[in-house]
Amino acid sequence: MNQLFEFIPRTKIAYGVERYLQIGKDVKTISQDTKAVLITDKGILDNGLADLVVSALEREKIAVKVFSDVQSDPTAASIDEAANVIRQFEAKCVIGLGGGSAMDVAKMASLIAGGEKGAMHYALMANPFPKKQVKSIMIPTTSGTGAEVTSTVVFSDEHKRKVWGWDEKMAPDLAIVDPTFTVALPRFLTAATTLDALVHAIEACAGKRSNPFIEAFSLQAIQLIGENFEKVLQTPDDLEARGKLALAATLAGMAIEQGGTGIAHCIGHALGTIGRIHHGRAVAIALNAVYSWNVESAVDIHAKIARCLGVDCQGLSNKELALAGAKEFSRLVEISGLKQSLEDEGLSLCDVDRFIETMLSPENEPMRLNNCRLATEKDLRQFAEQILSANKEVSHQA
Ligand SMILES: [Zn+2]
């Protein structure tokens, strides 16, 4: 082992059923203040989860301002609006409650609220972020993005192009991982977000920047998902299994925070741009298309992944085991019920060139380059054709 690396966890993690009840004390400890802006979306407001947090805050006499205008695939404009609310309320603490979208808006808005510029000024590292003046606490309501422990956010510009922002100061100060908030998640979102977490774990430990710490976090996440994904699909209110998926998503988030993602995220973000495909579904479709191709250049790590997914390894060579992992991944995508055909979204082989162009664009380049195997334009064409020709009836064979 002669590789140089650092492993820097940036976010304190608090786990437990009903751990959210202590959030008032958390706000005071972290920000030394008694004001907070809660950033969430309309769905979370309507299903009563936001009220749980507001009541817990009010019990500790924290003044709360709620901003709930977060859409799925958030825009730069929505981040700017949230930042204005934080500035006007003069809050020193922001709470992000929701899936990746709400947490990304909360993370980016809390950081840029310390300056005067809008989100696009900082996109793709065009300019340095201002000094951090507002602390942030995240409560995920999905077990997927890992945004509660990462320094990255993803949002769209005015042309619906997906861009990202990164700064280590953007990593939240505290992540409250509480299965209370994921137990009512509908099936589609449970399936799509869990597969996103699984793809994170696989891509981080197979990627170019992997190291033994990343591998430890990733493999533990993969095992937890392997053991609990079907359980949760069958029994959605199994709080223990939900808790394990929530932990898996956070572990996988810590793995990508250090190791980044790979080609499935390059392809997945491109699908988000050209077809508005849900991120979790997009990366699941993408990894399913490239998994065996990836195995060719990184057999040993894919054999470990297969073991953690629960593949029976008896009598198999490492290569056979690694490829059996690809089959198991395919099976998980199939039982998730997520459609692999993109016909309903209006995508077809006519979109191949536009798809490849988006994969090769600067915002998707880091993920392509971090993958365990370098995809050339020719490889990308093959993936694009395979993904866009997945037929509705036989989509599970794609
Ligand atoms: Zn992802």
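Where is the place of E90? Select it and you land in the loop between α4 (76-89) and β4; helices here are DSSP runs of H or I with at least four residues, strands are E runs of at least two, and both are numbered from the N terminus. Before moving on, note that this is a predicted model, where local features need pLDDT of at least 70, side-chain atom pairs count only at pLDDT 80 or more, and totals for chains, interfaces and linings use all residues. Residues are numbered from 1 along each chain as its sequence is written, and side-chain values use heavy atoms, with hydrogens and water left out.

Stay on E90 for a moment. Its phi is near 55°, a positive value in a residue other than glycine. Most residues other than glycine have a negative phi. E90 is exposed, at 53% relative accessible area (exposed is over 50%, buried under 20%, partly exposed in between, using a 1.4 Å probe and protein chains only).

Now pick E18, in the loop between β1 and α1. Here too phi is positive, about 65°, and the residue is not a glycine. E18 is partly exposed, with a relative accessible area of 43%.

Next, show the sheet. Six strands form an open sheet in the order β1-β8-β5-β4-β2-β3, with parallel pairing (strands pair if DSSP finds at least two bridges between them). At the edges, β1 (12-15) and β3 (63-67) each pair on one side only. Zoom in on β1 and β8 (residues 174-177), which pair over four bridges; A14 stands opposite I176 there.

Then jump to the zinc ion. Its protein donors are D196 (OD), H200 (NE2), H265 (NE2) and H279 (NE2), at 2.1 to 2.2 Å. Donors are N, O and S atoms within 2.8 Å of the metal (3.2 Å for Na, K and Ca), and water is not among the atoms, so sites may look incomplete.
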